[in-house]
Amino acid sequence: MHIPEGFLTGTTTAIGAGVAVAGLAVAIRKADMHADNGRLPLAGLAGAFFLVGDSPFLPIGVGTQGHLLGGTLAVALLGPWLGLITIAVVTVVQALVQGDGGITVLGLNIVNAGIVPAFIGWPLLRGVQAVIRRWQGRSTPGGLALACGVAAYVNVVLASLLFVTEFHLGHKGSVQIGPVIGGTVGTYALIGIAEALLTAGIVKALLARRPDLVLIAPPELRRTLRPPVRRRPAPGPHVPPPPGTEPQRAAATASPPPPPGTEPQRTAGTDGTAAGEPPPDARESGAA
């Protein structure tokens, strides 16, 4: 998809650079770059994924190649503005490191790969999502994944049509435009099927495991999977219990009787009386 070096005129590349700069300026101004919502780390991971996922190149001919784009997936996860910035960074790295696309035509390549999904693909994705939600009666993970897949296919075909239009209007030299149109649009019609399936599968998997990472998902689907944290209630003022409800102390239990044979024995006195009894003379005087 990326236009190689030396195939377009200077005027065409300048127009493409102007459009890319204007689109990136809008994206940088509207992107929530300073919010603590975890989107910037996700943008870095998405950019690395796109670099790896876009690496398999299919030669189309006439100096260009076909590969996955990932623009729809980027805007579905990150939104149109941060998604555009991520795709633009990936396009620059592909041109500088992988040799995919020229340096002077970076503007047009950013337009095809990033601005089309952000400014056209995002409203299209929202529209398809609304139609499927109305058809199903509610938002479902399968319906959202289907909407992302349909939008991904349309975005790929639109980007290929824009690519051949730019080539047709701004090419220089004796390049035959017929093979470019047939080879590019035909190849990306097939690549679009693979991208649609891959986009829908990734969105469906994220909705099952981490729905909070899918920005386009409605609130009812972006539920958190972590169990709610139970907080202890704040301590209130001490209220004494009502009268009569105080805890009663257990009554003391009576001591058990001593075992047989362990009772205290009385000792006999010297006069034959038991201990504690009065002597006989005392009993007689009392009787008298």
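Guide: A residue is buried under 20% relative accessible area, exposed over 50%, and partly exposed in between (1.4 Å probe, protein chains only). Take Leu 161, in helix α6. At 39% relative accessibility, Leu 161 is partly exposed. Two notes before we go on. This is a predicted model: local features need pLDDT of at least 70, side-chain atom pairs count only at pLDDT 80 or more, and totals for chains, interfaces and linings use all residues. Residues are numbered from 1 along each chain as its sequence is written, and side-chain values use heavy atoms, with hydrogens and water left out.

Visitor: How many helices and strands are in the chain?

Guide: Both are DSSP runs, numbered from the N terminus: helices are H or I with at least four residues, strands are E with at least two. The chain has eight helices and two strands. Read from the N terminus, the order is α-α-β-β-α-α-α-α-α-α.

Visitor: What share of the 288 residues is buried?

Guide: Buried residues account for 38% of the 288. As for contacts, these are heavy atoms within 4.5 Å. Take the contacts between residues at least 6 apart in sequence: 74% of them join residues at least 24 apart. 

Visitor: And the surface of the chain: what does the accessible area come to?

Guide: Areas come from the Shrake-Rupley method with a 1.4 Å probe, and for residues only the protein chains shown count as cover. The chain has about 16,700 Å² of accessible surface. Carbon and sulfur atoms hold 65% of that.

Visitor: Is α3 mostly covered or mostly open, and how many of its residues are buried?

Guide: Helix α3 is mostly covered, with eight of its eight residues buried. They are Gly 71, Thr 72, Leu 73, Ala 74, Val 75, Ala 76, Leu 77 and Leu 78. The cover includes α2 (39–53), α4, α5, α6 and α7 (177–209).

Visitor: What lies on either side of α3?

Guide: Leu 69 sits in the loop between β2 (64–66) and α3 (71–78). At 9% relative accessibility, Leu 69 is buried. Leu 69 and Ala 159 are 90 residues apart in sequence, yet their C-alpha atoms are 9.4 Å apart. Just after α3 comes Gly 79, with a positive phi of about 90 degrees.

Visitor: Which residues of the largest nonpolar core touch the most other members?

Guide: A nonpolar core is a set of buried Ala, Val, Leu, Ile, Met, Phe, Trp, Tyr and Cys residues joined through side-chain atoms within 4.5 Å. The largest core here has 28 residues. Phe 50, Leu 78, Leu 125, Leu 144, Val 203, Val 214 and Ile 216 touch the most other members. Elements giving two or more residues are α2, α3, α4, α5, α6 and α7. The largest share, six residues, is from α3.

Visitor: What does Val 203 touch?

Guide: Leave out residues up to four places away in sequence, and Val 203 touches Leu 73, Leu 144, Ala 145, Cys 148 and Val 214.

Visitor: How many aromatic pairs are in the structure?

Guide: Rings of Phe, Tyr and Trp (its six-membered ring) pair if their centres lie within 6.5 Å; planes under 30 degrees apart are stacked, over 60 edge-to-face, and the rest tilted. The whole structure has two pairs. The centres of Trp 81 and Phe 119 are 5.4 Å apart and their planes stand at 70 degrees, so this pair is edge-to-face. Trp 81 is in helix α4 (residues 80–98) and Phe 119 in helix α5 (residues 106–136), 38 residues apart, so the pair links distant parts of the chain. Trp 81 is partly exposed at 21%, and Phe 119 is partly exposed at 35%. The other pair is Phe 163 with Phe 167: centres 5.7 Å apart, planes at 45 degrees, so tilted. Both lie in helix α6 (residues 141–170), four residues apart, which is about one helical turn. Phe 163 and Phe 167 are buried.

Visitor: Which residues form the nonpolar patch on the surface?

Guide: Patches take residues with over 30% relative accessible area and no salt bridge; like charges are joined within 9 Å, nonpolar side chains (Val, Leu, Ile, Met, Phe, Trp, Tyr) within 5 Å. Here the members are Phe 119, Ile 120, Leu 158 and Leu 161, with about 310 Å² together. Helices α5 and α6 each give two or more residues.

Visitor: Which residues form the salt bridge?

Guide: A salt bridge is a side-chain nitrogen of Lys or Arg within 4 Å of a carboxyl oxygen of Asp or Glu. The structure holds one. Arg 210 pairs with Asp 212, their closest N and O atoms 2.7 Å apart. Arg 210 is partly exposed at 38%, and Asp 212 is partly exposed at 30%.
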